[in-house]
Amino acid sequence: MLKGSSSNLDFLRAFAVLIVLTQHLCRRLHVEHIAWAPTNSLGLFGVLLFFVHTSLVLMYSMERGGLHGVPLLRDFYIRRIFRIYPLSILAIAAALALHLESDINGISGLSYGHLPGKMSILSQVLLVQNLVRAKSIVNVLWSLPFEAQMYLFLPFLFAWVRRKRVFWPLLALWILSLLASWAQPRVAVLGRFSLLTYVPCFLPGVIAFVIPRIPILSSHLWPVFVFGLVVAFTFHPVMSMGSALCLVLAGC
């Protein structure tokens, strides 16, 4: 990723928003394919792009803050809590007040439904529904638990990499995370830890932070490159491909 260029990061975020929005519109219109591409692959890859973008931007933010130790953790966690929880709790509370729920595939959006149990509601509020295997009341909030849980580890990764910015240990960690992602749905003891599926998509943001800040692509080729990644994912829309493309994104 072309580091130090806010315009490239802004484009990446805007493009991710666009393809996620496209997927939601297509679902509501019951459009399952655009040419060869399954529309659900667009939304998924948009979320993966967000994961890379978020990790990198937060690394920059912690670097600018110049904090260490406990002050770093306190500042980071307080900021993240107030960034995520108030709006997510408001959305959940509104859905509960109106007796609304999302269907499993998110195709019909919110409709009148039955209120979930107390433990399910609590898991939604705390953003740990993936750990208890509860269906999200508001389907579009499905990715927030993974973000919130990855935030627990990001300050420690930052403290590790800023002392000595070395690429190879992070690449080894990414390979291990890829193996864990593969094992997660296959090993019973890992069944609840669905965050492992997405760690290989968060780590490229950290990798982009530590690699030399040398532009590989000129700015006018950046949109073409990002669009090419999306096209590549639509040909093989599985998590292993998404993780690999996130790593490619980090390197450019």
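Predicted model: local features only at pLDDT ≥ 70, side-chain atom pairs only at ≥ 80, totals over all residues.
D75, for its part, is partly exposed at 32% relative accessibility.

A search of the whole structure finds 3 salt bridges. Another of these joins D10 to R13, with the closest N and O atoms 2.8 Å apart; because D10 and R13 are 3 residues apart in helix α1 (residues 6–28), about one helical turn separates them. Both residues of this pair are partly exposed, D10 at 38% relative accessibility and R13 at 39%.

A further salt bridge is formed between the side chains of R165 and E63, at 2.3 Å from N to O. This pair links distant parts of the chain, since R165 lies in the loop between α7 (154–163) and α8 (167–183) whereas E63 belongs to helix α2, 102 residues apart. R165 is partly exposed, with a relative accessible area of 33%, and E63 is likewise partly exposed at 31%.

Helix α2 (residues 39–65) also packs against helix α9 (residues 199–210), at an angle of about 40° and with the axes 7 Å apart, which means that α2 is oblique to α9. The crossing of the two helices is right-handed. In this contact, L48, F51, V52, S55, L56, M59, Y60 and E63 of α2 meet C201, F202, P204, G205, V206, A208 and F209 of α9, and the contacting residues comprise 12 nonpolar, 2 polar and 1 charged.

Methods:
Residues numbered from 1 in each chain as written. Heavy atoms only, no water. Axes fitted to C-alpha atoms, helices over the stretch in contact; angles between N-to-C directions. Helix = DSSP H or I, 4+ residues; strand = E, 2+ residues; numbered from the N terminus. Parallel < 35°, antiparallel > 145°, perpendicular 65-115°, else oblique. Left-handed = near helix turned anticlockwise from the far one by under 90°. Contact = heavy atoms within 4.5 Å. Nonpolar A, V, L, I, M, F, W, Y, C, P; charged D, E, K, R; others polar. Salt bridge = Lys/Arg side-chain N within 4 Å of Asp/Glu carboxyl O. Buried < 20%, exposed > 50% of the residue type's maximum accessible area, 1.4 Å probe, protein only.
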